[in-house]
Amino acid sequence: MTTSHAPVAVIGGGPIGLITALGLVAHGVPTVVFEADAELSTDTKAGTVLTRTLEVLDRYGAVEPVLEASLRIDEIGELDRATGQSTGSVLTSALIEETRFPFVINIPQHELEPVLADELERRAPGTLRLRHRLEDFTEHAGGVTLHLSTPDGPVTLEASRVAADLDHAIWALDQPSVDGLNSYWISKLAAEAGFKVALSGQGGDELFGGYPSLAWFGRFTAVARWARPLPATLFGRVLDRPALPFRWRKLSYLIGADDPFVASQMAVKILFLDRDVAGLLSPALGQNGHHAEAERHLSHWSRLVEQEDLLERLAFMDIHTHLEPRLLRDLDAMSMAHSIEVRPVFLDHRLVEFLLPVPSGIRIQQKRLLLDAAKSFLPRNLLEDLETRRKRTFTFPFKRWITRDLHRTMQEAFSQRRLGSQQVLEFGAVDDLWRRYVRSEPSVGWSRIWSLFVLQRWCEIMQVSP
Ligand SMILES: Cc1cc2nc3c(=O)[nH]c(=O)nc-3n(C[C@H](O)[C@H](O)[C@H](O)COP(=O)(O)OP(=O)(O)OC[C@H]3O[C@@H](n4cnc5c(N)ncnc54)[C@H](O)[C@@H]3O)c2cc1C
């Protein structure tokens with residue numbers, strides 16, 4: 001006999017499922033009962049419980065509450081329907097030598113099931129899960145994987161709810177991060193559905209190089225290498241003109257750069273150029289507005305993997321300059337705000353230690369390896385769906401929210417009065433960017449506006465000013 005920590009799953013919380021679960025629990029076997037319906041049976045259905053079933057209940061230590069709730073019958077007779085006369089009967093006491101229960105009981109099914117469920121709950125709380133329908137299952141060597149539809153199904157998140165909770169989310173961020181709102185809401189909805197622990201896929205893209213932006217880093221590094229001898233001041237100035245779309249202006253980083261690799265990181269990751277930062281921050285903070293520190297930070301990590309190939313270096317940078325300081329930190333703060341424990345399963349140290357030494361040519365941009373590994377325990381339809389599905393990012397419709405649902409909130413936050421009293425951001429520069437965003441979103445990009453809004457609200461909520 002093999003032992004396992006996984007519970008035995010009983011499908012269906014009818015009389016048979018509940019009695020089976022009582023038996024398993026009586027033998028100390030961890031058990032869970034999944035019942036599709038939202039409640040136990042409401043129909044009378046089966047009404048009589050015979051001797052042998054009472055013996056089974058007795059073996060499982062559950063006969064007493066059932067007997068208490070039922071009507072004992074010691075004589076079973078027959079009536080002639082036409083005349084209403086008895087045509088004979090048997091006394092169940094005839095079974096006295098056979099059983100401890102020489103009688104039958106009468107209890108309608110909709111009364112029996114709650115008695116059994118209460119007894120189960122008393123002995124093993126939480127065993128019965130209503131509104132859990134088994135959709136499919138897969139057998140594998142270690143057990144069975146069940147695929148259940150649960151009460152929660154798809155959840156629609158209204159923008160008005162996001163607006164109402166925005167201050168709490170920004171407060172919970174603990175630092176003015178541009179990320180984290182999606183983790184805040186997933187954690188909140190999970191907590192509302194009664195969950196305490198959630199699994200997260202964070203780290204998968206960093207380990208397997210799943211980000212499409214990887215290609216850009218490669219191209220930008222090549223451009224920066226080519227543009228290295230060009231004079232940064234002259235060509236940089238040509239590109240860094242406020243009227244140009246930001247994605248063009250960022251390319252000024254690639255010209256005359258000391259380190260083409262670090263320059264490509266800057267060009268992909270930054271939200272504001274030095275000149276913007278100097279203008280956006282209030283005079284009291286203006287002298288902090290340059291990227292030297294960010295560049296130093298990226299150079300530090302980049303130097304550690306100087307000898308590796310490009311893919312390996314990119315994965316390393318993603319892990320140490322994006323995943324660790326930003327994604328994981330934000331996820332931790334946001335999930336803790338709702339008392340949800342999140343486990344990023346791909347970052348299990350055994351998996352990471354196993355994967356990182358695998359050469360980048362095999363590992364990177366090979367999330368297919370994950371599918372292959374999961375083949376034996378994923379149902380075929382899910383596997384087919386995952387195989388054909390394009391990468392889906394989990395991004396909120398910020399563009400729509402900013403121009404519609406959150407427009408007034410943001411407009412007020414960017415008002416001269418509010419910015420003036422906080423003295424962190426400069427009204428003129430913020431207002432200019434905000435107006436340009438409202439006129440034509442693509443020229444500014446939602447993440448730049450959102451980052452300024454979070455910074456302003458965070459400073460207000462935390463009462464931070466220079
Ligand atoms: C209208 C009617 C009248 C009856 N009258 C009598 C009678 O008078 N006397 C008598 O002895 N018997 C009667 N029966 C029969 C009796 O109800 C059944 O024998 C008894 O319910 C069987 O118990 P069970 O636990 O095996 O199945 P059920 O009671 O049917 O329980 C099965 C449970 O599994 C759940 N389930 C099904 N699929 C899934 C899934 N995919 N995932 C999760 N949960 C799932 C269902 O919602 C259900 O609650 C009657 C039945 C009916 C329908």
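Helix axes are lines fitted to C-alpha atoms over the stretch in contact, and angles run from 0 to 180 degrees between N-to-C directions. Helices (H or I, at least four residues) and strands (E, at least two) are DSSP runs, numbered from the N terminus. The model is predicted: local features need pLDDT of at least 70, side-chain atom pairs count only at pLDDT 80 or more, and totals for chains, interfaces and linings use all residues. Residues are numbered from 1 along each chain as its sequence is written.

**Helix pair H1 and H4**

- Helix H1 (residues 15–26) and helix H4 (residues 109–123) have axes that come within 10 Å and cross at roughly 25 degrees.
- H1 is therefore roughly parallel to H4 (angles under 35 degrees count as such).
- The crossing of H1 and H4 is left-handed, meaning that the near helix is turned anticlockwise from the far one by less than a right angle.
- The H1 residues Pro15, Leu18, Ile19, Ala21, Leu22 and Val25 meet Gln109, Leu112, Glu113, Leu116, Ala117, Glu119, Leu120 and Arg123 of H4, contact being C-beta atoms, placed from the backbone, within 7 Å.
- Ten nonpolar, one polar and three charged residues make up this contact of H1 with H4.

- Arg131, in the loop between strand E8 (128–129) and strand E9 (133–140), has a positive phi near 55 degrees.
- Arg131 counts as partly exposed because it has 16 C-beta neighbours inside 10 Å (buried is 20 or more, exposed 12 or fewer, partly exposed in between).
- Gln463, in the segment after helix H25 (446–462), also has a positive phi, near 55 degrees.
- Gln463 is exposed, as 7 other C-beta atoms lie within 10 Å.

Definitions and conventions
Parallel < 35°, antiparallel > 145°, perpendicular 65-115°, else oblique. Contact = placed C-beta atoms within 7 Å. Nonpolar A, V, L, I, M, F, W, Y, C, P; charged D, E, K, R; others polar.
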